[in-house]
Amino acid sequence: MSSSNLKSHTLEELRHGIDAIDNEILRLLNARMENVKQIGLLKQKSGTAIYRPERERAILDRLFKNPKNELSKEAIEAIFYEIFAISRNLEKPQKVAILGPIGTYTHQAAQSRFGAMSDYLPLATIEAVFKELENKEAKYGVVPIENNTEGAVNVTLDCLKKYESVKIVAEIYMDIHHSFASRCEKLSEITKIYSHPQAYAQCRKFIESHGLGEVEFVPTKSTAQAAKLASADECAAAICSKIAAHISGVPIMFETIEDNNANRTRFFVLSDFKNAKSGSDKTSILARAEHRPGGLFTLLSLFKNADINITKLESRPIKQKDFRSMFYIDFEGHIDDEKVKKVIDEATANGHEIRWLGSYINQEG
């Protein structure tokens, strides 16, 4: 229906049109889910992984190219990641271990891929997430790996070394936005602000510019806890994530209040399987260079000579008496690419120790 025709319709007629479209969307979704169920049965017989990030990315890339799109890529991703998550839960219920509590940014990142239907298991520490996966108590885990202002999450790096059965199967980049939520109608009614100290410090300009500098600050263990406390206090506000405000039922007064709008965190999705090649992959390894002068230089030169782009290099101590280190390395390519296999073989032959951590779709950019 053209825009000129739409203008001539009444509000009631337009609403009837939307109802008819909604019915058709639901009919098509039901048809999609019937196919999903059949695929699930085939996967169970063959032992194939339910979560296939490379297949989901291929679907999204195809949809992005539709010349009739009115929706942005971000909107298409948001809609179809939820459809993908519902589909996976139909194939097999999803249990996802996360760094808790519920309502944290890790939970928000996990829900962006695993949807509202999945069973989220909030755990107190990053290592507890790895243990849950190693013990097969959960199929997936989501943990932070780095922040563009705070740097690498060293606990995650150390756990990748310690828990060899746990592999990286996907990465998620998420902009970290703090929201200001309260049951109050006006800012002047607020007598206290609940927040994690780090989040509070990241929103000082907003606090001062809105005349809240003298309002009592009550520190909390997490932004999720801040939202929960504010939900029970009519004269309070919380600095928290959108998902925490939604879960606790606290209205959001201001959606984005952080001083630095470029605050971004990278998360890993963890599991126990190997992704197929997608054509746009990234690989993570742990490497211990041969202990001799120029050892690290020699190792890195192998990547340069093969025209493989290293995107991250992080040193971590082995925690032995000799103060030696291992290096966490991200590079472009899949572990099954011929030139990658050649580099890994050459590195091993030259005395360098390499452990593959996972190959997954490169979401950087």
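A cavity here is a set of points, on a 1 Å grid over the protein atoms alone, where a 1.4 Å probe fits but cannot get out, and lining residues have an atom within 4 Å of a point. Grid points are joined across faces, edges and corners, and a volume is the space filled by probe spheres set on the points.

Please note that the model is predicted: local features need pLDDT of at least 70 and side-chain atom pairs count only at pLDDT 80 or more, while totals for chains, interfaces and linings use all residues. Residues are numbered from 1 along each chain as its sequence is written, and side-chain values use heavy atoms, with hydrogens and water left out.

Which residues line the second largest cavity? They are L157, D158, K161, L286, R316, P317 and M326. Helices (H or I, at least four residues) and strands (E, at least two) are DSSP runs, numbered from the N terminus.

I turn now to the largest cavity, which holds about 100 Å³ of space. Its lining consists of Y51, P53, E56, R57, Y81, R113, V169, A170, E171, I361 and Q363. Helix 3 (53–64) and strand 5 (167–175) are the elements that give two or more residues to this lining.

In total, the count is two cavities of 30 Å³ or more.

Technical notes. 1 Å grid on protein atoms, 1.4 Å probe; cavity = no way out; pocket = protein on both sides within 12 Å on 5 of 7 lines; lining within 4 Å.
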